Amino acid sequence: MIPQPTRSRPAELEPDATRVRPRHRQRTGPAPASAPAAAGSHRAQWADAAKGVCIVLVVLWHVVVKDYLQIDWHVGVPVPGFWGRLGEQFLPLRMPLFFTISGVFAANAAQRPWRVVARSRVAGFLYLYAVWLLIHTVVLAAAPELPTDRATSALGLLEQLTVTPSNLWYLYALALYFTIAKVTRRVPRALVLAPAAALSAVAAAGLLDTPGNRAGLYQNLVFFLAGLYLRPQIQRWAATASRRRLLLTSGGYVLALAAMAVTGAQQWFGVWPAVSVVAVIFGITAAARLSRWSALSEPLARLGRITLPIYVIHMPVLALLHRLLLVPVSGLGGSAQGLIVLGYPILLSGLVIGLSLAVHRGLLAIRAGWLFALPGRRTVEAAA
């Protein structure tokens, strides 16, 4: 395709399985979130909706553990603890499902020549990781109260750039996983999946040193590779999802969570990855069924197509909001806190997502699209 002077779209969070398009220049401002709908009409609605749910769960979890539970609540009821426990129930689902879908989308891209993959995927995601790591480091320095990983020295920044990824570890992981997928493309799949599954089990059992976000890096490779290798089976599973299957998979997930909690088996070898597999199967089934309800699935799918700006921007936004809200909300009386304690995480998550998208549009309006895609003649448009 010949580049034309039309509006640009930044790369989305997941790798594209279908297309690489030229990078365009903007005319007057950013395209609305719904603009790509026609271009992405061939995409799987269930996968976009699943991405939308996953990014909402990412933001909600960060809101709960980094802001909500840091507030001095004196309401006399255990609502804050409820939100914390609820968020923990999605831990085996959120990132494993996100990486599985990423692997599904990566199936075609991983077959492209090394020079294409090295630039559009490996270099592209590493570039985004490095740029936003610097931005996060500066912004998070202004909100030292926020309990999150941050570099406080040049050595710490170098460590986050190389061996111990920051809160942006998902971008780092995608670059690494794409490299592994390309290097092992001629190796029998079982000989790649088995070590990846073993690594996940070892990391989840606490048998490896996992400072920072290394645990997530080690645990989720197997899900990316599973999505990559099992794409046809996953698509058939989604296409044939039934109400009965939804009931069975949701029941299986609840039972797995309950059994793990009752036995205290979270760190038993192999248990956490096994529960995550059950969670991913449930997540795919639920997303496929959800896609039949357009009133709910279409907004989630639109959100799922713009995950990158939410992912990279939401933490700085949350950090600044935390600095503004922590003391005032903690100082409210019990009756005033009682009015907001239940809905606070939902309201703040919505605000963080909305502000992240507003910042994204503002950056595109001032021609800062280089913050969302590797500069050059061509840019990757990630699609579902």
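Let me say at the outset that the model is predicted, and that the values I quote are computed from it. The protein chain has 384 residues, of which 53% are buried, and its secondary structure comprises 16 helices and 2 strands. The accessible surface comes to about 17,100 Å², and carbon and sulfur atoms account for 66% of that area. If we take the contacts between residues at least 6 apart in sequence, 82% of them join residues that are at least 24 apart.

I would like to begin with helix 1, which covers residues 45–66, and with its contact to helix 14, residues 307–330; the two axes come within 11 Å and cross at roughly 15°. With an angle under 35 degrees counting as roughly parallel, helix 1 and helix 14 are therefore roughly parallel to each other, and the crossing is right-handed. On the helix 1 side the residues involved are K51, I55, V58, V59, H62, V63 and K66, and they meet T307, I310, Y311, H314, M315, L318 and H322 of helix 14. By class, this contact contains 8 nonpolar, 4 polar and 2 charged residues. As a reminder for reading such lists, an α-helix has 3.6 residues a turn, so residues three or four places apart point the same way.

Helix 1 also packs against helix 16, and here the axes are 9 Å apart, with an angle of about 120° between them. Helix 1 and helix 16 are therefore oblique to each other, and their crossing is right-handed. From helix 1 the contact takes V56, V59, L60, V63 and V64, while helix 16 supplies P345, L348, S349, V352 and I353. In this contact there are 9 nonpolar residues and 1 polar residue, with no charged ones.

The buried residues, in order, are L221, V222, F223, F224, L225, A226, G227, L228 and Y229. Their cover includes helix 3 (91–109), helix 6 (169–183), helix 7 (189–204), helix 8 (214–219), helix 10 (231–239) and helix 12 (271–290).

Leaving aside residues up to four places away in sequence, V192 touches T184, V187, L225 and Y229, and L225 and Y229 are among the buried residues of helix 9. V192 also lies 8.9 Å from A181, C-alpha to C-alpha, with the two 11 residues apart in sequence.

Finally, there is R367, in the loop between helix 16 (344–365) and strand 2 (378–379). Most residues other than glycine have a negative phi. R367, however, has a phi near 65°, a positive value in a residue other than glycine. Is R367 buried or exposed? Its relative accessibility is 53%, so R367 counts as exposed.

Methods:
Residues numbered from 1 in each chain as written. Predicted model: local features only at pLDDT ≥ 70, side-chain atom pairs only at ≥ 80, totals over all residues. Heavy atoms only, no water. Axes fitted to C-alpha atoms, helices over the stretch in contact; angles between N-to-C directions. Helix = DSSP H or I, 4+ residues; strand = E, 2+ residues; numbered from the N terminus. Parallel < 35°, antiparallel > 145°, perpendicular 65-115°, else oblique. Left-handed = near helix turned anticlockwise from the far one by under 90°. Contact = heavy atoms within 4.5 Å. Nonpolar A, V, L, I, M, F, W, Y, C, P; charged D, E, K, R; others polar. Buried < 20%, exposed > 50% of the residue type's maximum accessible area, 1.4 Å probe, protein only. Areas by Shrake-Rupley, 256 points an atom, 1.4 Å probe, with all protein chains shown as cover.
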